[in-house]
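This report describes one protein chain, and the sequence and structure are shown first. Keep them in view while reading.

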Amino acid sequence: MKVYTKTGDKGTTSLFGGDRVPKHHIRIESYGTVDELNSYIGLIRDQDIDPDHKQILIRVQDRLFTVGAILATPPAKEILKNGKERLNIPKISEADIELLENEIDAMETTLPPMTHFVLPGGHTTVSYCHIARCVCRRAERLSVHLNDIEPVDILVLTYLNRLSDYLFVLARKLSHDLQADEVKWIPEKL
């Protein structure tokens, strides 16, 4: 398979099912941002962190490829002419969301309660988590926007929402594990 096809040289690209759309189409923005998120999660996984976190992040990356495939498939092209689903892969499930929730709950048992917002930073690895969290929120916003135009699987939207929560708590957990400063945001008084 060649990396370049030249079919996108004029600013369009193909979705699953063959439809061509401009590269700035909301569907492309949605799954492109999920791809960007996946790259940042790879960057977090490449850090010197607990192997258990790395395993969860590998699972998240797998699920993000699925999210991207779902977002790249217009609703009208989800079912083939023979009645089978176009995407012959496991979809996002309640179990995927529960995994994130269980990880959040487990990490929070080891952390001091939150009393303030925290400023991103304190350690490079923690900062990568905060960047990934922000990209995840953008992917979620774009996917919700897409959902206003064409339906998106609600579990995809829920997964992105929960994933951003997971990344925030992972940032806090890594701050704790790395003994990095967690700087509270305390607004100045007028």
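A pocket is an open set of grid points with protein on both sides within 12 Å along at least five of seven lines. The model discussed here is predicted.

**The largest pocket**

The largest pocket holds about 310 Å³ of space. Its lining is made up of Met-1, Lys-2, Val-3, Thr-5, Lys-6, Thr-7, Gly-8, Thr-12, Thr-13, Ser-14, Arg-20 and Lys-23. Sorted by kind, these lining residues are 2 nonpolar, 6 polar and 4 charged. Strand E1 (residues 12-14) gives the largest share of the pocket lining, 3 residues.

**The cavity**

Across the whole structure, the search finds 1 cavity of 30 Å³ or more. The space in the largest cavity is about 40 Å³. Around the largest cavity lie Val-118, Leu-119, Gly-121, Val-126, His-130, Ala-171, Arg-172, Ser-175, Asp-181, Glu-182 and Val-183. The lining of the largest cavity has 5 nonpolar, 3 polar and 3 charged residues. Helices H4 and H5 (154-177) each supply at least two residues of this cavity lining. The largest share, 3 residues, is from H5.

**Salt bridges**

How many salt bridges does a search of the whole structure find? The search finds 13 salt bridges.

| Pair | N to O distance |
|---|---|
| Asp-62 and Arg-63 | 3.1 Å |
| Arg-63 and Asp-96 | 3.1 Å |
| Lys-91 and Glu-85 | 2.6 Å |

Take the pair of Lys-91 and Glu-85, whose side chains meet in a salt bridge. Lys-91 has a relative accessible area of 28%, so Lys-91 is partly exposed. Glu-85 also counts as partly exposed, because its relative accessibility is 47%. Elsewhere, salt bridges that share partners join Arg-59, Asp-62, Arg-63 and Asp-96 into one network.

Are the two partners buried or exposed? Arg-63 has a relative accessible area of 3%, so Arg-63 is buried. Asp-96 is buried as well, because its relative accessible area is 4%. Arg-63 also meets the side chain of Asp-62 in a salt bridge. Asp-62 has a relative accessibility of 38%, so Asp-62 counts as partly exposed.

How many disulfides does a search of the whole structure find? The search finds 0 disulfides. Cys-129 is in no disulfide, and the nearest cysteine sulfur, that of Cys-134, is 11 Å away. Cys-129 counts as buried because its relative accessibility is 0%.

For a disulfide, the two sulfur atoms must be within 2.5 Å. Cys-136 has a relative accessible area of 0%, so Cys-136 is buried.

Which helix holds Asn-38? Asn-38 lies in helix H1 (residues 26-45). Its relative accessibility is 6%, so Asn-38 counts as buried. Leaving aside neighbours within four places in sequence, Asn-38 is in contact with Gln-61, Leu-64 and Phe-65.

Glu-140 is found in helix H4 (residues 124-149). Glu-140 is buried because its relative accessible area is 14%, and the cut-off for buried is under 20%. Which residues does Glu-140 contact, apart from neighbours within four places in sequence? The contacts of Glu-140 are Leu-157, Leu-160, Asn-161 and Ser-164.

Terms used
Residues are numbered from 1 along each chain as its sequence is written. This is a predicted model: local features need pLDDT of at least 70, side-chain atom pairs count only at pLDDT 80 or more; totals for chains, interfaces and linings use all residues. Side-chain values use heavy atoms; hydrogens and water are left out. Helices (H or I, at least four residues) and strands (E, at least two) are DSSP runs, numbered from the N terminus. Buried means under 20% relative accessible area, exposed over 50%, partly exposed in between (1.4 Å probe, protein chains only). Contact means heavy atoms within 4.5 Å. On a 1 Å grid over the protein atoms alone, a cavity is a set of points where a 1.4 Å probe fits but cannot get out, and a pocket is an open set with protein on both sides within 12 Å along at least five of seven lines; lining residues have an atom within 4 Å of a point. Grid points are joined across faces, edges and corners, and a volume is the space filled by probe spheres set on the points. Ala, Val, Leu, Ile, Met, Phe, Trp, Tyr, Cys and Pro count as nonpolar, Asp, Glu, Lys and Arg as charged, and the others, Gly among them, as polar. A salt bridge is a side-chain nitrogen of Lys or Arg within 4 Å of a carboxyl oxygen of Asp or Glu.
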